[in-house]
Amino acid sequence: MTVPTRSRLAASPEGSFGTDFGDPDRALTIGGVGERLDPAEVSGFVTDALAGADIDGKSVCLVVPDGTRTCPLPLLLRAAHAALDGRARRVTVVIALGTHQGMSEEHLAQHLGYDAGALEETYPGWTVLNHESWIPETFATLGSIGADRLAELTGGLLTDTSVEVRINRHVAEADVAIVVGPVFPHEVVGFSGGNKYFFPGVSGQELIDLSHWVGALITSAEMIGSRGVTPVRALINEAATLIPAYRLALCLVVASGTDTLHAAAFGTPEDAWAACAAVSAETHISYRDAPVRRVLSIMPTKYEDIWTAAKGFYKLEPIVADGGEVIIYAPHITEVSVMHPQISEIGYHNRDYFVGQWERFKDRPWGDLAHSTHLRGQGTWDVVDGERNRVTVTLATGIPEDVVRAVNLNYLDPAAVDIAAYEADPDTFVEPHAGEVLYRLRPGPSGGGEPDGRQPDANGLDG
């Protein structure tokens with residue numbers, strides 16, 4: 001493995017690391033920056049888009065996000081059901097959990113828009129399944145990506161390893177695989193969406209670990225919100241070429257915390273993603289003129305552990321001054337990670353902490369190491385001075401103090417958090433619905449991007 005000794009450029013719009021860059025002009029699109037689409041417009045767009053797809057008599061697998069992503073799935077899936085009814089031979093909906101925990105029947109019903117236990121009444125003929133990453137039989141092996149190709153795809157970050165590519169067998173066995181999901185700034189890949197719903201959404205652990213560690217080597221601070229095909233985007237695009245199904249995507253730009261769409265695009269995952277990533281970059285990145293000493297990130301209840309709620313840190317960390325603090329406020333969270341218990345053994349550390357002691361950590365799950373760096377943020381480590389981090393990370397959650405401090409984070413009693421007092425503090429920035437909008441310091445007078453109209457709920461937790 002080649003390890004960067006300093007920050008390196010994630011990607012530029014001109015470079016695609018040898019994979020399909022995606023062309024927005026090839027996708028069917030509706031909406032744009034600042035627009036708010038009427039539900040009838042959205043339904044009509046989905047109907048028209050699927051009417052032109054080659055799906056007659058074929059088995060179709062729809063890959064959709066889990067409950068940690070804002071997306072008006074009931075609206076979209078009802079339109080898709082009407083468009084596919086009588087045409088597709090079989091439709092299977094797979095929830096792209098990645099390595100998140102499975103969704104209960106009650107949660108699935110709320111998420112997809114049907115009464116619990118009454119799936120057939122709303123979506124007759126459809127099968128809905130969690131992606132069960134914990135069951136080996138879930139997967140089909142598609143092939144592998146060799147060391148030389150990985151070196152090319154990652155811009156030389158990895159030079160001595162290969163990776164097996166596995167995916168949910170329902171995707172592999174379908175004639176047509178259609179991603180339905182939103183695009184947001186993302187800490188691992190630059191912008192989420194498109195082929196990311198295949199890898200890591202329904203992929204095997206091998207590619208999840210490798211792709212996340214590549215992103216961590218670049219660092220979340222440099223990767224998040226990077227436009228164009230980043231090394232991680234190149235890696236998942238390459239893996240997607242091994243999927244035997246014909247791939248399509250309905251990508252979306254959602255007003256964060258709402259069911260309102262700014263834009264939608266349909267086409268290949270590369271083209272539809274490129275169209276929506278351009279809109280997301282102008283919608284989900286908000287700029288400030290000066291850094292703040294403290295951020296209070298109020299986490300929605302859809303984030304059920306720190307593994308997922310870490311988005312409240314890395315979406316806000318860029319606007320925090322050196323020596324400042326990010327407080328993740330989530331009284332409802334009681335666990336560090338439901339699905340990744342090793343993170344409690346590893347703790348939270350910056351990239352250089354792991355890179356400088358690679359022999360000690362190389363056999364740990366690389367995805368866990370990546371997550372650790374994402375929440376700990378920028379910093380350095382050396383044998384003389386040890387670990388030095390740019391900002392303090394404080395958890396004001398339901399996780400006990402001894403557990404929080406054991407994983408190398410600061411603790412604050414959530415009962416002591418006075419949101420109104422923080423809002424009145426000129427040194428504190430309060431984000432009432434953290435996790436999806438990225439905040440950056442304004443690069444210059446031209447700036448760009450503003451919040452997209454989210455409003456806090458009365459209980460202070462959900463926007």
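Modeller: Happy to, and we can go through cavities, pockets, salt bridges, backbone and surface in turn.
Modeller: This is a predicted model, where local features need pLDDT of at least 70 and side-chain atom pairs count only at pLDDT 80 or more, while totals for chains, interfaces and linings use all residues. Residues are numbered from 1 along each chain as its sequence is written, and side-chain values use heavy atoms, with hydrogens and water left out.

Colleague: Thanks! How many cavities of 30 Å³ or more are there?
Modeller: There are four cavities of that size. A cavity here is a set of points on a 1 Å grid over the protein atoms alone where a 1.4 Å probe fits but cannot get out, and lining residues have an atom within 4 Å of a point. The volume is the space filled by probe spheres set on the points, which are joined across faces, edges and corners.

Colleague: What volume does the largest cavity have, and which residues are closest to its centre?
Modeller: Its volume is about 450 Å³. The lining has 30 residues, and R69, H100, K196, H212 and W307 are the closest to the centre. Helices α7 (205-218), α11 (306-309), α12 (311-314) and α16 (366-376) are the elements that give two or more residues each. Helices (H or I, at least four residues) and strands (E, at least two) are DSSP runs, numbered from the N terminus.

Colleague: And what's the lining of the largest cavity like by class?
Modeller: It has 14 polar, nine nonpolar and seven charged residues. For these classes, Ala, Val, Leu, Ile, Met, Phe, Trp, Tyr, Cys and Pro are nonpolar, Asp, Glu, Lys and Arg are charged, and the others, Gly among them, are polar.

Colleague: How much space is in the largest pocket?
Modeller: About 520 Å³. A pocket, unlike a cavity, is an open set of points with protein on both sides within 12 Å along at least five of seven lines. Its lining has 20 residues, with G67, R69, Q110, H111 and K302 nearest the centre.

Colleague: Which element gives the most to that lining?
Modeller: That's α3, with three residues. The elements giving two or more are α2 (73-84) and α3 (105-112). By class, the pocket lining divides into ten polar, five nonpolar and five charged residues.

Colleague: Switching topic: how many salt bridges does the whole structure have?
Modeller: The search finds 25, counting a side-chain nitrogen of Lys or Arg within 4 Å of a carboxyl oxygen of Asp or Glu. One of them pairs D271 with R26, with the closest N and O atoms 2.7 Å apart.

Colleague: Is D271 buried or exposed?
Modeller: D271 is buried, because its relative accessibility is 4%. Buried means under 20% relative accessible area, exposed means over 50%, and partly exposed is in between (1.4 Å probe, protein chains only).

Colleague: Which residue does E270 form a salt bridge with?
Modeller: E270 pairs with R247, and their closest N and O atoms are 3.1 Å apart. E270 is in helix α10 and R247 in strand β10 (246-254), so this pair ties together parts that are 23 residues apart in sequence. Both residues are buried.

Colleague: What about D385 and R388?
Modeller: Their side chains also meet in a salt bridge, at 3.5 Å from N to O. D385 is partly exposed at 47% relative accessible area, and R388 is partly exposed at 40%. There is also a network of salt bridges linking R149, E152 and E238.

Colleague: Now the backbone. Where is the cis peptide bond?
Modeller: It joins F199 and P200, with omega about 15°. P200 lies in the loop between β9 (190-191) and α7.

Colleague: Last one: where is H371 found?
Modeller: H371 is in helix α16, and it is buried at 5% relative accessible area. H371 and W213 are 158 residues apart in sequence, with their C-alpha atoms 8.6 Å apart in space.
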